[in-house]
Amino acid sequence: MIHWQAHSVFFFVALGGYAISGLVYLLSQRQVPSRSGEWILALALAANTAQIVSAWIRLGQPPFQTLYQSLVFFAWAVAGVYFSARLLVALRRGGGAAAVCAFGALVFALVKADPNAGMLPPALRSPWFVPHVLAYFIGYGALFFSFTLGLTFLASPGMRRRAGAGELLSLMDKTIRFGFLLISIGLAIGLLWAETAWAAYWSWDPKENWALVTWLVYLAYLHLRNRPRWQGRSAAWLAVAGFLAVLFTYLGVNYLPTIAGALHAYQ
Amino acid sequence: MSDSRKPFNALKLVLLEFLVLWGVETLHRVVAGPLWVLTALIACAAGIYAARGLGFRLGDLLTPEYGAALFVFLSLWIAAGTLVVQGREPAFYLSRYGVWARPMLALSLDHVFFAGWFRGLLALLGVSLVGVSFRRPSWPFRMIHLGVALVLMGGLISDLGGVRGYMKLKPNRQQDMLILQRQGRMGAGHLRLPFSLTLKEFRVERYPARPQLRLFQRRGERFVRVSSVDPRRVRRLNMGECALEVLEVDQRISRDGGRGLTATLRLICPGASDAKTFRLAADSRPVLLPGGSYALELRTLSPPREYASRLAFQQNEAVREAWVRVNHPVRFQRYRFFQSGYGGGNDPFSGITVKRDPGFPVVAAGLILFLAGLLAGLLRRRS
């Protein structure tokens, strides 16, 4: 059930901005970044940022508690990582994918009630909370790009023979290494925090287990990426598999039969 | 052997290791006492012989392909462990999975993470990590691999030398008995602590109460919650063809449970001659709406923000007092005390988890080494 009144104006500006930006990117059909699509995406990111900051101020706590709040932050992370990558590694593609992904996350958030949750349980009231979430979601944002780059490589017939294939795979590799570093930091912070909050740095909880599965899949990629014959399609497949594991860790775990009574579960 | 096939050969090696470790564990269930050691040794020797026969050498444990194969194999088992409820009695699996239950139990799918073969594979990973770290003269590489090996070693030390348990402390009662928790199961015996604990004081700080309107929809025989909203912010709820409007919320909410909270609502349905206005009181039974498809409930939410116990630790004549809060454990001697829960009503208690874990410092050191290695590798690449 959608409660339109529960969402702030920033939410709708971001939602509309991501939708229009995605459309502009798709319609422009060019290899170079669409300038108007980019500006609209930047505007949507600004609105998304304003929404997170205003929620933080209004609730008096980081707005990362519920699935709704995390989806809003995930949209921000994907768009934010895109612009960071544009500046740092001259990413020339992925704007459309970022806009579509952020739009999808906000549409999913729209159907999730309780955007105004503001009562952190005692275990989440910890200095580890914000760095843990930041590391994971920015990591997820980076890994989303490795996924789209992997898909682009796999979906383009004859890509291996094209001049841009090497650049595409190199970019995919960079985003995976950056994302892996961040999810490793998130995992390490999670371990240290769990030891303080629950007296157990590892509880074999479904969410923890899937975070470990994700980490292991990317670890397998990092071990094979320099091996002969594992640098093209196989590497792209692993990048795709890795992000599917990310998605399952983030959203799919909530539907597991073992989630009842688990330590990590979104409200 | 072509290079492209190497990972699949490594997977074969991992599969062989799994079979040997699983065989040894199964023998442990069947054969008792010293005879098991002998049979286990024979099984290991047979495994090594088979590995050599398939062309594997000790150095194969140190290849990236072996690492990748082990990661994928472990991932599959970890994923399987999240699909099957863990740690129940065999009867539970027999009733739930029917003919599949026996093979599942034989493969330890009821306790994947505590199965001997799973731990054996983790131990092999540790050995591989240590061996690999001395193969390359690169410090970041060594730090990363030794870091993960330390984490695994810390886990082993926690498992073998650690104690974890729970105490239900009643006010002003001296207690020293710990209910032990092993392999994720509570009640695995008792341990008398070398000192006693007394709960001197317990405090709960709550969030200011806020109203919550919950809408339930009939699905067959039962009602399922379809919406929970704050009626002060969401003023309209759609229910099929009808809609519910929040006209007024009496916000005179007391901090101790919200008594007196009421909401005035209006139900609007197309075709009905007039809208039905009614008042809903908080924390009473759900109200069935006309038509019988929806039910409505008003609640006050005031969950705990923080809770803490003032504990007195006593050994002989010496007494030390300390506050234990969530996320702020207290150390006394070699034990650490964590605030884990509480109970109210007629049986008030403070739930304290007690832990002695010589492995955790090793795990923490391993994590720091691993992250430092990752960052060092990143910086070296940039330079």
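This is a predicted model: local features need pLDDT of at least 70, side-chain atom pairs count only at pLDDT 80 or more; totals for chains, interfaces and linings use all residues.
1. Helix H1(B) passes helix H6(B) in a right-handed crossing. H1(B) covers residues 6–30 and H6(B) covers residues 116–133, and their axes come within 8 Å, crossing at roughly 140°. Anything over 145° would count as roughly antiparallel, and the pair is therefore classed as oblique.

2. Who does the touching in that pair? On the H1(B) side you'll find B:Glu17, B:Phe18, B:Leu21, B:Trp22, B:Glu25 and B:His28. H6(B) answers with B:Gly116, B:Trp117, B:Gly120, B:Leu121 and B:Leu124. Sorted by class, the H1(B)–H6(B) contact has six nonpolar, three polar and two charged residues.

3. The domain assignment gives domain 1 as 3–135, domain 2 as 164–205 + 304–356, and domain 3 as 208–301. Note that domain 2 of chain B comes in two pieces of sequence, with domain 3 numbered between them. The centres of domain 2 and domain 3 of chain B, taken over C-alpha atoms, are 41 Å apart.

4. On to chain A, which has eight helices and zero strands. Read from the N terminus, the elements simply go α-α-α-α-α-α-α-α. The radius of gyration of chain A is 19 Å, close to the 18 Å that the globule rule gives for 267 residues, so chain A is as compact as a globular protein of that length.

5. Chain A is split into domain 1 (1–120) and domain 2 (124–267). Their centres, again over C-alpha atoms, are separated by 20 Å. How many residues does each domain put into the contact? Domain 1 of chain A gives 21 residues and domain 2 of chain A gives 17.

6. Now zoom in on the domain 1 side of that contact in chain A. Helix H3 (67–88) and helix H4 (95–110) are the elements giving two or more residues to it. H3(A) gives the most, with nine residues. By class, this side divides into 15 nonpolar, five polar and one charged.

7. Those two helices also meet each other. The axes of H3(A) and H4(A) come within 8 Å and cross at roughly 170°. That is over the 145° cut-off, and H3(A) and H4(A) are therefore roughly antiparallel.

8. For the residue list, H3(A) brings A:Tyr68, A:Leu71, A:Val72, A:Phe74, A:Ala75, A:Val78, A:Ala79 and A:Tyr82. Facing them in H4(A) are A:Gly95, A:Ala98, A:Cys101, A:Ala102, A:Ala105, A:Leu106, A:Phe108 and A:Ala109. The tally for the H3(A)–H4(A) contact is 15 nonpolar, one polar and no charged residues.

9. Last, the two chains together. In the A–B contact, 42 residues of chain A meet 50 residues of chain B. On the chain A side, helix H6 (165–198) and helix H7 (206–224) each supply at least two residues. Which helix gives the most to that side? H7(A) does, with 11 residues. The side of chain A that touches chain B has 28 nonpolar, nine polar and five charged residues.

Conventions: Residues are numbered from 1 along each chain as its sequence is written. Chains are lettered from A and ligands numbered from 1 in the order in which they are written. Axes are lines fitted to C-alpha atoms, for helices over the stretch in contact, and angles run from 0 to 180 degrees between N-to-C directions. Helices (H or I, at least four residues) and strands (E, at least two) are DSSP runs, numbered from the N terminus. Angles under 35 degrees count as roughly parallel, over 145 as roughly antiparallel, 65 to 115 as roughly perpendicular and the rest as oblique. A crossing is left-handed if the near helix is turned anticlockwise from the far one by less than a right angle, and right-handed if clockwise. Two residues are in contact if their C-beta atoms, placed from the backbone, lie within 7 Å. Ala, Val, Leu, Ile, Met, Phe, Trp, Tyr, Cys and Pro count as nonpolar, Asp, Glu, Lys and Arg as charged, and the others, Gly among them, as polar. Domain bounds come from an automatic or database domain assignment. The radius of gyration is taken over C-alpha atoms; the globule rule is 2.2 Å times the number of residues to the power 0.38.
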